[in-house]
Amino acid sequence: MKTININLIGELDKAPEYNKAVIKKDNLDTGTKIIIMVFLIGILGIFVISFGLWLITDNLGKKHSVELKNLKEEHQKLSRQQSELTIYRKNLQQELEVAEFKLLAQRQVNNSFIPWSSVLKELAAKIPRNIIVSNIDKTASHRSSGSINRLSISGIVPDSGKSRVKPFTAVSFLILNINEDKNSLLGGAEIKRVEYKAETSVYEFEIETNIKKE
């Protein structure tokens, strides 16, 4: 195998002076130089514009990142509020159902009772003079024979030493007046409580009586 040693520099040194001048001569004309300068300036301009766009995009990205973070926090806050409102709405719905059930039960109880005017008229004729009625409540008693409408009557009897009728006797008279009238709407009355209150010097009492069906 033969090795060919090419020594360009040596060959260039050996070349005539005219050839050296031609090789080293700048063959680029003015138009080409202008085109190259415009190309370089365009590249530089594109780089500057790209860098500027990158800065703007980065700033906008940071700004939007903060806004996105705030939106996420607001979304989490609204989600928590929605959960709380859902629980509150559920509780309200349950309370509404309970209230509707109680109202229905109260209507059924009211419909099963004789009108108040008739009951109060009967009761007013049977209360002794020295008894003060303070409260009358409707109740319902459930027995093996069925549901029975009842009245709970409470009040006071003043402890007057000058009165010939003792408080317990006055309450007993009320019971007798109710039970002895066979044509009355009331019946089956019984004493539930008679208690003396020293601070007010009165006897408090409570009785219950049935309401007969019309």
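Select Trp116 to begin: it is partly exposed, at 32% relative accessibility. On this scale, buried means under 20% relative accessible area, exposed means over 50%, and partly exposed is in between, with a 1.4 Å probe and protein chains only. Trp116 sits in helix H4, residues 116-124. Helices here are DSSP runs of H or I with at least four residues, strands are runs of E with at least two, and both are numbered from the N terminus.

Before you click on, two notes on the ground rules. This is a predicted model, where local features need pLDDT of at least 70 and side-chain atom pairs count only at pLDDT 80 or more, while totals for chains, interfaces and linings use all residues. Residues are numbered from 1 along each chain as its sequence is written, and side-chain values use heavy atoms, with hydrogens and water left out.

Stay on Trp116 and show what is around it. Which residues does Trp116 touch, not counting those up to four places away in sequence? They are Ile136, Lys138 and Leu151, where contact means heavy atoms within 4.5 Å.

Next, pick Arg150, found in strand S2 (residues 146-158). Is Arg150 buried or exposed? Buried, with a relative accessible area of 3%. Show its side chain and look for two partners. One is the side chain of Glu190, joined to Arg150 by a polar contact of 3.5 Å; another is the side chain of Asn210, at 2.2 Å. A polar contact is a pair of N or O atoms within 3.5 Å; within protein, one must be able to donate a hydrogen and the other to accept it, and residues adjacent in sequence count only if both atoms are side-chain atoms.

From there, go to Thr209 in strand S4, residues 202-211. Thr209 counts as buried because its relative accessible area is 0%. Its side chain reaches the backbone oxygen of Gly187 at 3.1 Å. Leaving aside neighbours within four places in sequence, Thr209 is in contact with several residues, including Arg150, Leu151, Ile178 and Gly188.

Now for a pair of rings: select Tyr196 and Tyr203. Rings of Phe, Tyr and Trp (its six-membered ring) pair if their centres lie within 6.5 Å; planes under 30 degrees apart count as stacked, over 60 as edge-to-face and the rest as tilted. By this rule the count comes to 2 aromatic pairs. Tyr196 and Tyr203 form a tilted one, 4.8 Å centre to centre with 50° between the planes. Tyr196 is partly exposed at 37% relative accessible area, and Tyr203 is partly exposed at 25%.

Jump to Ile36 in helix H3, residues 30-112. Ile36 is partly exposed, at 37% relative accessibility.

Finally, zoom out to the whole chain. You'll find 5 helices and 4 strands, running α-α-α-α-β-β-α-β-β from the N terminus on. Of the 214 residues, 17% count as buried. Among contacts with a separation of 6 or more, 57% come from residues 24 or more positions apart.
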